[in-house]
Amino acid sequence: MLFGVAWYGVIIGAGMIVCIVLACFMAKKRGYYPDLIFDIAVVCIPCAIVGARLYYVINDTIHNDAVWSFAEICGFENGKFVGLRGLAIYGGLLGGVLGAVIVRLKNMYSKYPEKRAVTLVHMADLCFCLIILGQAIGRWGNFFNQEAYGSAVSLNFLKSLHLQQASVLFSIL
């Protein structure tokens, strides 16, 4: 956290907004009904967050023998909400796909033919390229929180790596 702000959440949210705006333009250009993107976002984003959290918890339980209470899974510690510390993109993708299936099932029985015309393949074609963009934007949140890339290293640590010897070896190869 920098300046007391959880930048990961802020930047992930900004990535979602950018992707929703771009998806609106793409959907309009392709001739889809106007509210398609909002139908997808309202269902898929919560499903993706739940899926990402559950995947993280299940993976942590299997690989690290972690024990999670329901409150911890929901982001509470000592009765106070501290946030969802631990999300996995694979679970987010699975949850988002489940959300898209729900949207498709809802639209199949719509009285409006333009909603029935949009298939799951159309939604996937519209969204998956933007999911990659959203992930690229969101990774900057890890950088600002110093989570995935670590913190600064000292000169003594760098000297202990014997980089000079390694550079001589690589110059020979």
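Here are some questions and answers on how the labels for this predicted model are reached.

The model is predicted, so local features need pLDDT of at least 70 and side-chain atom pairs count only at pLDDT 80 or more, while totals for chains, interfaces and linings use all residues. Residues are numbered from 1 along each chain as its sequence is written, and side-chain values use heavy atoms, with hydrogens and water left out.

Q: What makes up the secondary structure of the protein chain?
A: It comes to eight helices and two strands. Here helices (H or I, at least four residues) and strands (E, at least two) are DSSP runs, numbered from the N terminus. Read along the sequence, the pattern is α-α-α-β-β-α-α-α-α-α.

Q: How do you know that the span of helix H1 agrees with its number of residues?
A: The expected span is 1.5 Å times one less than the number of residues. For the 24 residues of H1 (residues 7–30) that gives 34 Å, and the end C-alpha atoms are 34 Å apart, so the two agree. Just after H1, Gly 31 takes a positive phi of about 85°.

Q: Which residues of H1 are called buried, and what do they pack against?
A: Buried means under 20% relative accessible area, exposed means over 50%, and partly exposed is in between (1.4 Å probe, protein chains only). In H1, the buried ones are Ile 11, Gly 15, Cys 19, Ala 23, Met 26 and Ala 27. They pack against helix H2 (36–64) and helix H6 (120–145). Across the protein chain, buried residues make up 27% of the 173 residues.

Q: Why is Val 97 called partly exposed?
A: Val 97, found in helix H4, has a relative accessible area of 37%, so it counts as partly exposed. Val 50 in helix H2 gets that label too, because its relative accessibility is 48%.

Q: Why is Asp 65 called exposed?
A: Its relative accessibility is 65%, over the 50% cut-off, so Asp 65 counts as exposed. Asp 65 lies in the loop between H2 and helix H3 (70–73), and its phi is near 55°, a positive value in a residue other than glycine.

Q: What makes a set of residues a nonpolar core?
A: Its members are buried Ala, Val, Leu, Ile, Met, Phe, Trp, Tyr and Cys residues joined through side-chain atoms within 4.5 Å. Of the 17 residues in the largest one, Tyr 32, Leu 36, Ile 40, Val 118, Met 123 and Leu 126 touch the most other members. H1, H2, helix H4 (89–108) and H6 each supply at least two residues of this core.

Q: Which residues does Met 123 touch?
A: Contact means heavy atoms within 4.5 Å. Not counting residues up to four places away in sequence, Met 123 touches Leu 36, Ile 40, Ala 100, Val 103, Arg 104 and Val 118.

Q: How far apart are Val 50 and Gly 95, in sequence and in space?
A: They are 45 residues apart in sequence and 6.9 Å apart in space, C-alpha to C-alpha.
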